[in-house]
Amino acid sequence: MLLPCPFCPLTAAKIAALQATVLLLITLLIKARIQIKAASALGLFLLALQTLVFLAATGALGLAVIAAGAIVLNRRQAQTA
């Protein structure tokens with residue numbers, strides 16, 4: 001690509017090309033920022049979902065352990081009585 005001569009006057013075509021380039025770069029920057037925010041929001045949602053699933057599974061496992069312990073104690077008391 002040839003560098004433009006600094007002594008050549010800017011033509012309407014060059015100005016239009018520069019405006020189109022700036023518009024394209026601004027559009028791409030806005031698009032990238034929107035994509036970053038969307039990906040961040042999706043990541044936070046998935047993290048919250050994973051945390052809730054983990055807490056639910058842990059709670060269910062804890063209830064199962066407590067229930068098993070209660071059954072064992074109930075059978076021991078029934079056998080001694």
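## A greasy patch

L42, F45, L46, L49 and V53 together make a nonpolar patch of about 490 Å². Keep in mind that what you're looking at is a predicted model.

Take L49, one of the patch residues. L49 sits in helix α1, which covers residues 12-80.

Now for the whole chain. The protein's secondary structure is simple to list: 1 helix and 0 strands.

The C-alpha atoms fill a box of roughly 110 × 20 × 10 Å along the principal axes. The radius of gyration is 34 Å, whereas a compact globule of 81 residues would come in near 12 Å.

How much of the protein is made up of buried residues? The share is 0% of the 81 residues.

As for the accessible surface, the protein has about 7600 Å² of it, and carbon and sulfur atoms account for 78%.

Key. Residues numbered from 1 in each chain as written. Predicted model: local features only at pLDDT ≥ 70, side-chain atom pairs only at ≥ 80, totals over all residues. Heavy atoms only, no water. Helix = DSSP H or I, 4+ residues; strand = E, 2+ residues; numbered from the N terminus. Rg over C-alpha atoms; globule rule 2.2 N^0.38 Å. Buried < 20%, exposed > 50% of the residue type's maximum accessible area, 1.4 Å probe, protein only. Areas by Shrake-Rupley, 256 points an atom, 1.4 Å probe, with all protein chains shown as cover. Patch = residues over 30% accessible without salt bridge, like charges linked within 9 Å, V, L, I, M, F, W, Y side chains within 5 Å. Salt bridge = Lys/Arg side-chain N within 4 Å of Asp/Glu carboxyl O.
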